[in-house]
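Hi there,

Here is the structure I promised to pass on to you. Please open it beside this email, and my notes follow just below.

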Amino acid sequence: MKLARRLDHIEPFYVMECAKAALDIARSPACIDSPMIFLNIGEPDFSAPPLVREAAERCLREGRTQYTAATGLPELRERISDWYRERFGLDIAPGRIVITAGASAALQLVCLALIDRGDEVLLPDPSYPCNRHFVAAAEGVPMLLPASSAERYQLSATAVESAWQPKTRGVLLASPSNPTGTSIDPDEMLRIVEAVRSRGGFTLVDEIYLGLSYDDRFGHSALMHGDDVISINSFSKYFSMTGWRLGWIVVPPELLVPIEKLAQNLYICPSTVAQRAALACFEPASLAEYESRRAEFRARRDFVVPALERIGLAVPVMPDGAFYAWFDCSAHAGSSWDFCFDMMRRAHVALTPGRDFGHAGSERFVRLSFANSMPHLQEALVRLESVLSH
């Protein structure tokens, strides 16, 4: 069977290989007395809160499961609009919000709408691998620009201006970022938006971790910088609905019809049950629960980062959002791949090597997810320290 050439530009997801190895070790006799602690998963360890689960059950009992509009339930679009106003002080018209089948579908829709074959899109290195693969799947060319710790592992306006070429179509940013947990400073974001705007390009920002910001300096949406900014968001991270596969896009008005047309053809509409359940995310009791969880994630960060530093695993930039610490393991291993497999076998701690996230030094780095309980995090750091000190 002849495969499409676009697959040549989609790299394997090495994180999954590590995850499979961790599961194999976890099932082995070696882990009977010392169970594997999984710090490799990019998923909240909290499930959807009670009101959300109850809303889903009610939807099923009442048989309210028919298709919605491709752009989503009007009342959910309105609730999200209200959230932007109350949380970020932004006036985002509900008509600019498109509900999608997860943030992944949102990225696919935008890339298909804006990228032609051979168009180049600038991304930071390191960054989440699927983002560049969405560009490649749309037959564009992802251009990874090395981003240093001094730049918070994010693109700068200067880097964008220097890298812009005749084939450059836009930028794909993530703030806060997976794997680093770092955000783009709002002033720098404005400079990037202006640089891209002046060149007739698009600014697409993955903001799926925006709700999990811990620093008032960085906890702002790029949407504050103009109606031409495109923002991707999700119910998976802050709202703890990973398996429900529900996200949204905020688009410029002129992009609404093209995005709607693509959504109609690609998947008809997002899950009706998930949408009706998500309405309950914005109830006061649910929002209070989410804020309590955000405080818990912050407490975990404040424990994990100093603990890593203490055992010689440097975290060059304090994560200001998400639930990841991006640490340098080069003092203990020649590569993060070897380091992670060694820690799986000897410490029974599963981590994620940097190989997937870029090519400019990521081989030295490891992503630790602190989306796990504090007792598990404490035990994991004790195990790592014990192994690395011998």
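First, some ground rules. This is a predicted model, so local features need pLDDT of at least 70 and side-chain atom pairs count only at pLDDT 80 or more, while totals for chains, interfaces and linings use all residues. Residues are numbered from 1 along each chain as its sequence is written, and side-chain values use heavy atoms, with hydrogens and water left out. Helices (H or I, at least four residues) and strands (E, at least two) are DSSP runs, numbered from the N terminus.

Let's begin with helix α3, residues 74-88. Its 15 residues reach 21 Å from the first C-alpha to the last, close to the 21 Å expected at 1.5 Å a residue (the expected span is 1.5 Å times one less than the number of residues). Leu76, Arg77, Ile80, Ser81, Trp83, Tyr84 and Phe88 of α3 are buried, where buried means under 20% relative accessible area, exposed over 50% and partly exposed in between, with a 1.4 Å probe and protein chains only. Seen down the axis of α3, these buried residues fall within an arc of 155 degrees, so they line one face of the helix; the arc is that of the directions from the helix axis to the C-beta atoms. Their cover includes β2 (97-100), β7 (230-234), α8 (256-267) and α10 (284-310). Just after α3, glycine 89 takes a positive phi of about 70 degrees.

Next, the cysteines. A disulfide is a pair of cysteine sulfur atoms within 2.5 Å, and by this rule the count comes to zero. Cysteine 18 has its nearest cysteine sulfur, that of cysteine 340, 6.1 Å away, too far for a bond. Cysteine 18 is buried at 2% relative accessibility, and cysteine 340 is buried at 0%.

Finally, how does helix α12 (residues 374-388) pack against α10, and at what angle? The angle is about 5 degrees, with the axes 11 Å apart (axes are lines fitted to C-alpha atoms, for helices over the stretch in contact, and angles run from 0 to 180 degrees between N-to-C directions). The two are therefore roughly parallel; that label covers angles under 35 degrees, with over 145 roughly antiparallel, 65 to 115 roughly perpendicular and the rest oblique. Among the contacts (heavy atoms within 4.5 Å), residues including Phe303 and Leu308 in α10 meet residues including Leu377 and Leu381 in α12.

Helix α11 (residues 336-346) packs against α12 at about 105 degrees, with axes 10 Å apart, and this pair is therefore roughly perpendicular. Here Phe339, Met343 and Arg346 in α11 meet Leu384, Val387 and Leu388 in α12.

Happy exploring!
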